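Please find below a colleague's note on the structure shown here.

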Amino acid sequence: MIDNMTIRQFRILALVEGVSYLSFAITMPLKYAFEMGMPNYIVGMLHGVVFLLYCLWLLVLTLRKSWSWPTGFIFFAASLIPFGTFYIDKKYLKKLL
């Protein structure tokens, strides 16, 4: 079974990934309306790193059989949808602690 520290780490990573994804709502208008591309570039790079860490951590937890493959797929799909990581945190991850 999965320990509480690992769940806390994954929860933090999921929330950071969700915030980085939603940050594009601020930086995209800056890029296209005001021709300020640097904030979008920085957020894009940070989001890319956090997304890869999220996927890697998810794969490790799924391979450890901490949860099933269908659950792992739900967690992955949630990372592709705005507010998805916040949803899995509320519906799944909080209950595991």
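1. Buried, as used in this note, means under 20% relative accessible area, whereas exposed means over 50% and partly exposed lies in between. The model under discussion is predicted. Under this criterion, both Phe 10 and Phe 75 are buried.

2. The aromatic side chains deserve attention. A search of the whole structure returns 7 aromatic pairs. In one of them, Phe 10 and Tyr 54, the ring centres are 5.1 Å apart and the planes lie at 25°, so the pair counts as stacked. This pair links distant parts of the chain, with Phe 10 in helix 1 (residues 4-22) and Tyr 54 in helix 3, 44 residues apart. The relative accessible area of Phe 10 is 0%, so this residue is buried; Tyr 54 has a relative accessibility of 0% and is likewise buried.

3. Phe 10 also forms a stacked aromatic pair with Phe 75, at 6.1 Å centre to centre and 25° between the planes. Here too, distant parts of the chain are linked: Phe 10 belongs to helix 1 and Phe 75 to helix 4 (residues 69-79), 65 residues apart. Phe 10, Tyr 54 and Phe 75 are members of one aromatic cluster, together with Trp 67 and Tyr 92.

4. Helix 3 comprises 27 residues and spans 39 Å from its first C-alpha to its last, close to the 39 Å expected at 1.5 Å a residue. Its buried residues are Asn 40, Val 43, His 47, Val 50, Tyr 54, Cys 55, Leu 58, Leu 61 and Thr 62. An α-helix has 3.6 residues a turn, so residues three or four places apart point the same way. The cover over the buried residues of helix 3 includes helix 1, helix 2 (24-34), helix 4 and helix 5. Lys 65, which follows helix 3, has a positive phi near 65°.

5. Which residues make the nonpolar surface patch of about 550 Å²? The contributors are Met 38, Tyr 41, Ile 42, Met 45 and Leu 46. Met 45 is located in helix 3 (residues 37-63).

6. Is Asp 89 buried or exposed? Asp 89, in helix 5 (residues 84-96), has a relative accessible area of 6% and is therefore buried. Apart from neighbours within four places in sequence, Asp 89 is in contact with Arg 11, Leu 15 and Lys 94.

Note on methods:
Residues numbered from 1 in each chain as written. Predicted model: local features only at pLDDT ≥ 70, side-chain atom pairs only at ≥ 80, totals over all residues. Heavy atoms only, no water. Patch = residues over 30% accessible without salt bridge, like charges linked within 9 Å, V, L, I, M, F, W, Y side chains within 5 Å. Areas by Shrake-Rupley, 256 points an atom, 1.4 Å probe, with all protein chains shown as cover. Salt bridge = Lys/Arg side-chain N within 4 Å of Asp/Glu carboxyl O. Helix = DSSP H or I, 4+ residues; strand = E, 2+ residues; numbered from the N terminus. Phe/Tyr/Trp six-rings, centres within 6.5 Å; stacked < 30°, edge-to-face > 60°. Buried < 20%, exposed > 50% of the residue type's maximum accessible area, 1.4 Å probe, protein only. Contact = heavy atoms within 4.5 Å. Expected span 1.5 Å × (residues − 1).
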